[in-house]
Amino acid sequence: MSDQPNDTIQTRQRLTDELDSLEVAADLKGKSQAALVRKRFLGHTGAIVSLVVLGCVVLLAVTSVGIGPWHGWWKYSWLDTPPLQNGGKPTLSLFPLSAGEHPFGQDTVGRDYFAMTMRGTQISLLITLTVGIISAVVGVVFGSLSGYFRGGVETVLMRLTDMVIIIPVLLIGAVIGYNTNSGILVLGFLLGLTTWTGMARLVRGDFLSLREREFVDAARLAGASDRRIIFKHILPNAVGVITVNTTLLMSSAILLETSLSYLGMGVKAPDTSLGLLISQNQAAFSTRPWLFWWPGLFIVLICLCINFVGDGLRDAFDPRQRKIRLRRMSETPHDDVEGALLAAAVVSPGAVRSGWEDDAPGGPLGETPNEEHR
Amino acid sequence: MASFVLRRLGVSLLVLLGASFLVYQLVAISGDPLQEYRESNRPNKEQLMQARINLLNLDVPAPVRYFMWLGGALKCVIPGKCDLGKTLQGQEVTDALSAAIPSTLQLVASATILAIVIGITIGIVTALRQYSALDYSVTFMTFLFFSLPVFWVAVLLKQFGAIRFNDFLADPTVSVGVALGIGIVAGLIWALLLGGTMRRRLVVFATATVVTAGIIWYLGWSQWFSYPGLGPAVIAVTGAGIAMGATALLAGLRNRKALYSAFIMVALAVVMELVLVPQLDDAGFWLIVLLGLAAIGAGLLVGWLMGGYDRGQSMKIAALTSFLVAGLVLLDRFMQSWPEYFKATRGRPIATIGSETPGLDGDLWITGIDKYAHLLLPTMALILISLASYTRYSRASMLEVMGQDYVRTARAKGLPERTVVVRHAFRNALIPIATIVAFDIGGLLGGAVITENVFSFKGMGQLFIQGLSHQDPNPVMGVFLVVGITAVTFNLIADLTYSALDPRVRVKA
C-alpha cells in the first residue's frame with residue numbers, strides 16, 4: 001500500500017492537518033474563559049439570530065412611538081384617535097411591501113394599533129428588564145451568602161426563600177392592582193421581589209460546590225478576606241449559572257407580566273401592555289382578529305428570542321451536553337481542535353460542576369421549572 | 001432518616017406559619033372589603049357595612065385578625081372540627097374547597113400526566129438523535145410552546161378547536177385538498193421521526209402522505225366523523241402494533257414468549273369487544289375501573305403462564321399491552337355513544353367553557369363524553385405549555401447519562417443498543433426527572449389559575465382569583481393553606497425519592 005504515490009500525498013496532507021490542529025490547540029491555550037464562552041456563543045446560530053431579532057424589536061418599540069417627551073418617528077401616538085378607516089383593517093401588505101396608514105389596523109375607537117402594540121411592547125420589556133435585574137440581584141445575594149457562609153446564615157436565608165416560594169405571585173399582582181397609581185417600575189420591582197427564589201437556590205448550589213475547591217482554599221491560605229473570595233474567586237465562576245438563569249427568568253417574567261395584565265392585575269388602562277391588549281380585545285376575535293394577533297405575536301417573538309439566547313448562553317457556558325457529537329466528530333483528525341476546545345473548557349473551573357451537590361435539582365445550569373404562567 | 005423527616009416537617013410548619021401570616025396581611029392590603037358598599041347608594045348601606053364588618057371582624061387590626069383565623073385553622077388537626085371561616089356569600093370555606101379540589105384535580109391531573117409522558121418520550125428520542133433535523137425541529141417547537149401565553153393559546157383553541165371544529169362536525173365532509181394537506185403534514189412528521197438517508201426519508205414521506213390522506217378522505221367519505229367507531233378490525237390491527245411496539249421496546253422482538261403473550265392479550269381484547277362490550281350499556285364508573293384492573297391482572301396471568309426464562313418481562317409486556325388495548329376498547333364504546341351526545345348538545349359537542357353541560361342527562365357513556373368534551377381544550381392548552389419543560393429536562397438528562405462511563409461499559413460488553421438505552425441509560429436519566437415531577441405534583445392543587453379563568457372552570461384557581469378580586473380573605477387563605485401543605489409535603493417527598501433512587505445522594509440525618 002505504501003508504494004503507491006498518492007499515499008505519500010495523503011500522509012503529508014494528514015501531517016499538515018495535524019500540525020494545523022496542534023497550532024490551533026497551542027493558540028487556544030492563550031484564550032481566557034470569557035473568550036471561549038464568547039466564541040461558543042457566537043457559533044450558536046439560533047442564539048445570534050434571536051439576539052438580532054430581539055435588538056430589532058427593542059429598537060422598533062423604542063424609536064417608533066418614542067419615550068417620555070420624545071415623540072418618535074411614527075405619525076400616531078398610542079393615545080391619538082384618528083377616524084376609523086376601512087373598518088380599522090390592517091393596511092400592512094407584503095406584496096408590494098408597504099405599511100400603509102395603519103399597518104396593524106385600528107381598534108374600535110380608531111386608535112392606531114401599531115402605536116398601541118409598540119407602547120405595549122415597551123412597557124412589557126421594561127417590566128421584564130426590571131424583574132430580571134431585581135430578582136437576579138436578590139437571588140445572587142441570598143444564594144451566595146447562604147452558600148458561602150452556611151450554618152445559621154444559610155438556615156435563615158433558605159427558610160426565608162422557602163417562605164417566598166409558597167407566596168402566590170398573583171397576590172402581589174392584586175396588591176399592586178389595588179394601588180392603581182403605583183407605576184410600572186413599582187410593578188416590576190415587586191414582581192422581582194417574588195421571583196428570585198429559583199436563582200437563589202441555584203446560586204447557592206453553585207457556591208456550595210465552588211467553596212470546597214482548591215483555589216478557594218489557596219486564596220484563604222493566602223489571607224484573602226471573605227469579601228475578596230466571594231467577589232474575586234467564586235462569583236466569576238458562578239457567572240454562567242447566573243447569566244443563563246437571568247435570561248430564563250426574564251422570559252418567564254414577560255409571560256408573568258402579560259398574564260397579570262390579562263387578569264386585570266398588572267398594567268392598567270390608560271397605559272397599556274401586551275397582555276392588557278389581548279385581554280381587552282379577546283372578545284373581538286371573530287370580528288377584528290388583528291387586535292388579538294399582533295400583541296400575541298409580539299409576546300411570542302420576544303419570549304422565543306430570549307429563550308434562544310438563554311439556550312445559546314447555556315451551551316456556551318456549559319458545553320457538556322455537546323459531548324456526544326464531539327466524540328463522534330473526533331474520528332476525523334481535523335476536528336481534534338474542537339475536542340481540545342472542549343477539554344480546555346472542562347479543565348477550566350467555570351465549566352465543571354459536581355452535579356447533584358445538595359438540593360439543587362435540575363442539573364447544573366438547569367432551567368427553573370417555572371409554571372407560574374399557567 | 002426519621003430525624004431528618006421530623007426536622008424537615010417542623011421547619012416546614014414554621015415556614016408555612018410565616019408565609020400564611022404574610023399572605024393574610026397582603027390580602028388585607030390588597031383592597032377594601034367595604035368598597036362595594038361605600039360606592040352604593042342603597043338605603044340600608046350602613047347596615048350592610050356593619051354586617052360585613054362583623055362577618056370579617058374588620059374592627060380588629062389585620063395582624064390580630066390573622067390569629068383569630070389561625071385559631072380556627074388549627075382545629076383542622078382534629079377531623080370534622082375544621083373552621084376556615086366563611087366566604088362573603090356565607091358559604092363555609094371548607095365546603096367550597098372540597099368542591100373545588102376534585103374539579104381542579106380532574107383538569108390538571110390528566111394534563112400533567114400526559115405532559116409528563118409525552119414530554120419525556122420526546123425528550124429521550126431527541127436526545128438519542130441529537131443534532132438531527134428531528135432534534136432541531138422539536139427544540140424549536142418546545143421553545144415556541146414555552147413562549148406561548150396560555151390565555152392567548154386558549155382563545156386560539158376556542159376559536160379553532162371548538163367553534164370551527166364544531167362547524168366542521170355539523171357537515172363533516174373532507175375535500176381532497178384538505179386530506180392531502182393533512183397527509184403532507186403527517187408525511188413530514190413521519191419522515192423526520194424515522195430519519196435515515198435522503199432516499200429513505202423520501203419513501204417514508206411519500207408513503208405516509210398517501211396513506212394518511214387516503215385514510216382521512218375515506219373517513220370523511222364514509223361519514224365516520226358523524227358516526228365514529230373503531231370496530232374489532234381496527235382494534236386488532238392497532239393492538240398488534242401496540243404489542244409489537246411494547247415488546248420491541250421492553251424485551252426485544254427476539255423474546256418470542258413475550259411477543260406471544262402480548263398477542264394473546266390483543267386477541268382476548270378483540271373477543272371482549274365482541275362479547276362483553278354490548279353488555280355494558282348500563283355500566284357504572286367503578287365497573288369500568290374494575291374491568292381495567294382485570295385487564296392488567298389478566299395480562300400478568302398470561303405472561304406468567306407463558307413462563308420462559310424471563311417471566312417478569314412477559315408479564316410486564318402483556319399487562320401493558322392489555323391495558324392499552326383495553327383503553328382502545330373503551331374508546332370504541334364511548335365512540336358508539338357519540339351520535340347520541342351530538343344530538344344532546346344540539347350539534348355543538350366541543351365545549352368552550354365550564355366543566356359540564358348543564359342539564360345533560362344520560363348514562364355513563366354520555367356523561368363521560370361530556371366530561372371529555374369539556375376537558376379537551378383546557379387539557380390541550382395545559383399540555384402545550386408544560387410539555388416544553390419536560391422535554392428539555394429529559395433531553396438534557398438523557399444526554400448527560402449517555403455520556404457516562406457506565407453506558408460505554410455497557411456498550412463495550414456487547415449489549416444490544418436497546419438494552420443500553422432502556423435499561424442502563426433511560427432509568428438513570430429518569431432520576432432527576434422524578435424530582436421535578438414530584439415538585440410539579442405538589443403544585444397541582446394550586447390549579448392552573450389562568451387556564452381555569454379562561455375556560456370558566458370552577459376549581460381552586462378560580463376560587464383564589466374570585467376571593468382576591470372581592471377582597472375576601474377566607475377562601476384565599478383556604479386555597480393557600482391547601483396548596484402550601486401539599487407543596488411542602490411533596491418537596492419533602494421529592495428529596496426523599498431522590499436519595500432513594502440515587503444512592504450517591506444521602507439526606508443529612
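Which handedness, left-handed or right-handed, does the crossing have where α15(B) passes α17(B)? The tour comes to that pair at its third stop.

This is a predicted model, in which local features need pLDDT of at least 70 and side-chain atom pairs count only at pLDDT 80 or more, while totals for chains, interfaces and linings use all residues. Residues are numbered from 1 along each chain as its sequence is written, and chains are lettered from A and ligands numbered from 1 in the order in which they are written.

**Confidence**

Colour chain B by pLDDT, the predictor's confidence in each residue, from 0 to 100. The average for chain B is 86, and 98% of the residues score at least 70. Select helix α2 (residues 35-39) of chain B, where confidence in the chain is lowest, at a mean of 72. Then select helix α16 (residues 405-412) of chain B, where it is highest, at 93. Helices here are DSSP runs (H or I, at least four residues), numbered from the N terminus. The scores of the model are ipTM 0.82 and pTM 0.82.

**Where the chains touch**

Show both chains. In contact with 42 residues of chain A are 53 residues of chain B; two residues are in contact if their C-beta atoms, placed from the backbone, lie within 7 Å. Several helices of chain B each supply at least two residues of the side that touches chain A, among them α1 (2-29), α15 (364-402), α17 (417-444) and α20 (473-501). That side of chain B has 35 nonpolar, 15 polar and three charged residues. Ala, Val, Leu, Ile, Met, Phe, Trp, Tyr, Cys and Pro count as nonpolar, Asp, Glu, Lys and Arg as charged, and the others, Gly among them, as polar.

**α15 and α17 of chain B**

Select these two helices. Their axes are 8 Å apart and the packing angle is about 140 degrees. Axes are lines fitted to C-alpha atoms, for helices over the stretch in contact, and angles run from 0 to 180 degrees between N-to-C directions. α15(B) is therefore oblique to α17(B); angles under 35 degrees count as roughly parallel, over 145 as roughly antiparallel, 65 to 115 as roughly perpendicular and the rest as oblique. The crossing of α15(B) past α17(B) is right-handed. A crossing is left-handed if the near helix is turned anticlockwise from the far one by less than a right angle, and right-handed if clockwise. Residues making the contact include Y393(B) and M398(B) of α15(B) and N428(B) and P432(B) of α17(B). By class, the contact of α15(B) with α17(B) has nine nonpolar, three polar and no charged residues.

**α8 and α11 of chain A**

Move to α8 (residues 197-210) and α11 (residues 239-262) of chain A, whose axes are 10 Å apart at an angle of about 165 degrees. That makes α8(A) roughly antiparallel to α11(A). Among the contact residues are L202(A) and D206(A) of α8(A), and N245(A) and L249(A) of α11(A).

Select Q223(B), in the loop between α9 (198-221) and α10 (231-250). Q223(B) is not a glycine, but has a positive phi of about 60 degrees. Because 11 other C-beta atoms lie within 10 Å, Q223(B) is exposed; a residue is buried if 20 or more other C-beta atoms lie within 10 Å of its own, exposed if 12 or fewer, and partly exposed in between, with C-beta atoms placed from the backbone.

Last, select I485(B), in helix α20. I485(B) counts as partly exposed because it has 17 C-beta neighbours inside 10 Å.
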